[in-house]
Amino acid sequence: MTKGLFSDLHHGISRRDLLVLAGTAAATVASSSHGRAAPDGGKFAIEEVNPGEDVFAYISRIKGKLDQSAYQQVIGAANDFKEGDQAIGVVAGDETTRRNARALLANTKIKDLYERPLFEDDLQRLIWQTTDHAQYEKVKDWTMGRLKEFLLAEPEENIKAVMNGLTSDTIGCVPKLMSNEELTLLSQKLFNVMPGTQMGAKGYMGARIQPNSPTDHPDDVAWQVFDAFSFATGDIVIGTNPVDSTVASVVEVERALKDIVDTFELGDVIPWCVLAHIDVQTEVNENFPGTVSTMFQSLAGTDDCNKIFDITNEKILKYAHAKAGERYGLYFETGQGSEFTNGTANGVDMMVLESRKYGFSRAVGIELAKVQPKGAWLHVNDVAGFIGPEVFKSREQLVRCCLEDLVMGKLHGLTIGLDVCTTLHMTVSLDDLDWCQEQIMPANPAYLIALPTKNDPMLSYLTTSFQDHVRLRDKFGFKVNDAMWNFYRKIGIVGDDGSYTANYGDPLWVYFQYRLAKHDARSRDAIYAEGRQKMREVEARGVDLATGHGEKIWDLNRPLATKVKGLYDDAKQSLWAELTPDFIAAVPNVVPVRTLSKDRNDYIAHPTTGEALSPEALAAIEKVRDAWGSDLPKGQIVISDGLNAKAIMDEGHLVPFLEEMRRLLADAGVTMGDQNIMVSGGRVRAGYRIGEVLFENADPNSLRGILHIIGERPGTMHHAYSVYITVAKGRQWTDKKIDHDMTKLVSNVADTALSPKEAARETLTIIREIVGKNVNGSRRYG
């Protein structure tokens, strides 16, 4: 290999990387240094409590002192049941335990929760620093039971007079004491409005247009925006998730979004955003000034997990200061479960950790308010349900999670929206999502995600469609931000009387208005002909555009509804598909192994089984290593089924990548293991474990890498796979310290998306970029 190719590593992964990891990685729980399962397999019991006893008196009685693990378990046991809490051993073993935990919590004083955090790190210290101490003094001697009654009984102005005096741990305990009806009641009277808008106000419910493309094609992105506008949907942000988070690719999509906003003269009305890592967005803005509008970042609830996100408190606060004098600020995304799925929960339940993310956001909002002349432009999108069944499984749990998060976000003073979503390996169906939306809407979130259909063409998950917004606005009387609604009137989607015009659901009409705004002198027929051709090209790339409607104006047209149902059915089939013996045998120099997953059901229900290698697999991998002797290659290729074995087995998928990848690496002088290790029931961390076995005796300062090819979440026409690129020094493989923060990936690889050969070239480019090589043709540097 080229000397130094695997040196000077750059750690940290992008937001898109994290989303894909959430689909194919899983929780590192009881076996993790940060996880802890209860002795009975994840359940905790409180048999009885004394009258008036609080959390700390109970723990002292049963433990003889304050025991932090018991403290975390009691607080977690007060939650409604979720699988993610069970995984780390902080879930109630039965309803008696849950009822007793809530009684103890209700008797506990706010000041005792303030003084005894569930976990202390830099984020907790930031939350303390940014808690309003004058307001805290008003409530510190209240019990949590009194706080609950106050929040339910008092009007908004009285709540806002004390809520900034509550730490995130305290706010995170509030929903534990409330029913769904009580959470909805509280959310109905508490609103935090974006400055200079009606977004986040009572009676308003907006949308983040999410125009994702499997190939980051600017036309795919633009036409989904035109489509959204045709349904009078979209007001808080136009935000797309990139497949390729390199600077050159991100700037191209940023420019496409900026062009639409500028052409329609919406610069003071709606921002745009490409949801790459915030460092990449900053680099784009520095190299191409004026291209970036609002800036995005995913947040976690512990320092340990934020490290995996490659952020710190200081970094995000610095970016807030950099928004001085600008109209638009920062946009955060959160979601219950990200910490435990990355092994960084530190024994704290998911709801409290979610609340700490809102505390982080509140602290950033305070800094933004100091530098933004029109007030802090900051909002949070709670991506509830994205990770999968290891966090929670049912539609009822999804509703509960959304109601909890709305209350916690609002009590932190945030404008908070929701991604009411589900993955294809959960049991929540397309129809279930409609039910969930209608249970949640009375709580009045600030906004929802918006797609042409419920099915995201790139992220392979289900969420809210443009038509859902139309239905929900009609049923609940919600309004779109006034300035944006006026725009929809201006372009002829909405009439003067507020009703929809004949142009409703017609992206061609919006494109025509866009071309007119650019002073295009061509005839309407010519512009329409061009638009129809572009629409055909977009749909050929696997991006559906909604046009017209079905029986009701919020129904998909019949052919598109049938197609979406077909994609859903195919996803379920793909999810249960297995690598066939004939396919495995046809892979050159294959070494077939299995994880501890007994079958697909075990793999889906118990994600950690797909991370651990079976004894037979370990023996086979040790045999590969021993055959190398002292002549270790620089890397090894691993192939796993992941959540979609079809993505690996489809013709024209795996073989072209393998052939091109091995050719490119050979040309670069990179020695690779000759054999292909094929894993059945494999998740991302299975690849790390294989590398730790293969390279445990490598030179401590010599770098070794694993290229792990794994089937992505099903749900689109592409049957795509990802390539996880993990490069680390020998001592890190030996110490078994390999995890996601050392990994980059190339995603959406398929013959109909990012072609396998192009993916191989991108993989080599990323390897070079990891080591800081300024290589000609690097897409990161343009």
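This is a predicted model: local features need pLDDT of at least 70, side-chain atom pairs count only at pLDDT 80 or more; totals for chains, interfaces and linings use all residues.
**View 1. Thr-344 sits in the loop between helix H18 (338-341) and helix H19 (350-371).** Helices (H or I, at least four residues) and strands (E, at least two) are DSSP runs that are numbered from the N terminus. Thr-344 has a relative accessible area of 5% and is therefore buried, where buried means under 20% relative accessible area, exposed means over 50%, and partly exposed lies in between (1.4 Å probe, protein chains only). Along its principal axes, the C-alpha trace spans about 80 × 70 × 45 Å, and 65% of the 782 residues count as buried. Among contacts between residues at least 6 apart in sequence, 77% join residues at least 24 apart, a contact being heavy atoms within 4.5 Å.

**View 2. His-412 is placed in the loop between helix H20 (395-411) and strand S9 (415-420).** With a relative accessible area of 2%, His-412 is buried. Its side chain makes a polar contact of 2.9 Å with the side chain of Ser-168, where a polar contact is a pair of N or O atoms within 3.5 Å; within protein, one atom must be able to donate a hydrogen and the other to accept it, and residues adjacent in sequence count only if both atoms are side-chain atoms. When residues up to four places away in sequence are not counted, His-412 touches Asn-164, Ser-168, Ile-171, Ser-355, Tyr-358, Gly-359 and Arg-362.

**View 3. Asn-455 occupies the loop between strand S11 (447-450) and strand S12 (461-462).** The relative accessible area of Asn-455 is 9%, which means that the residue is buried. A polar atom of the Asn-455 side chain lies 2.6 Å from the backbone oxygen of Gly-715. Apart from neighbours within four places in sequence, the residues in contact with Asn-455 are Tyr-461, Leu-462, Leu-567, Gly-715 and Thr-716.

**View 4. Asp-259 lies in helix H14 and has a side-chain partner in Lys-518.** The relative accessible area of Asp-259 is 24%, so this residue counts as partly exposed. The side chains of Asp-259 and Lys-518 are joined by a polar contact of 2.7 Å, and, with residues up to four places away in sequence not counted, Asp-259 touches Tyr-514 and Lys-518. The C-alpha atoms of Asp-259 and Val-727, which are 468 residues apart along the chain, are separated by 38 Å.

**View 5. Glu-265 is found in the loop between helix H14 (247-263) and strand S5 (272-274).** Its phi is near 55°, a positive value in a residue other than glycine. Glu-265 counts as exposed because its relative accessibility is 65%.

**View 6. Asn-748 belongs to strand S18 (residues 743-749).** The phi of Asn-748 is near 55°, which is a positive value in a residue other than glycine. Asn-748 has a relative accessible area of 2% and is therefore buried.

**View 7. Ala-161 lies in the loop between helix H10 (156-160) and helix H11 (168-173).** Ala-161 has a relative accessible area of 30%, so the residue is partly exposed. Residues up to four places away in sequence are again left out of the contacts of Ala-161, which touches Gln-135 and Lys-138. Ala-161 and Ala-134 are 27 residues apart in sequence, and their C-alpha atoms are 10.0 Å apart in space.

Methods:
Residues are numbered from 1 along each chain as its sequence is written. Side-chain values use heavy atoms; hydrogens and water are left out.
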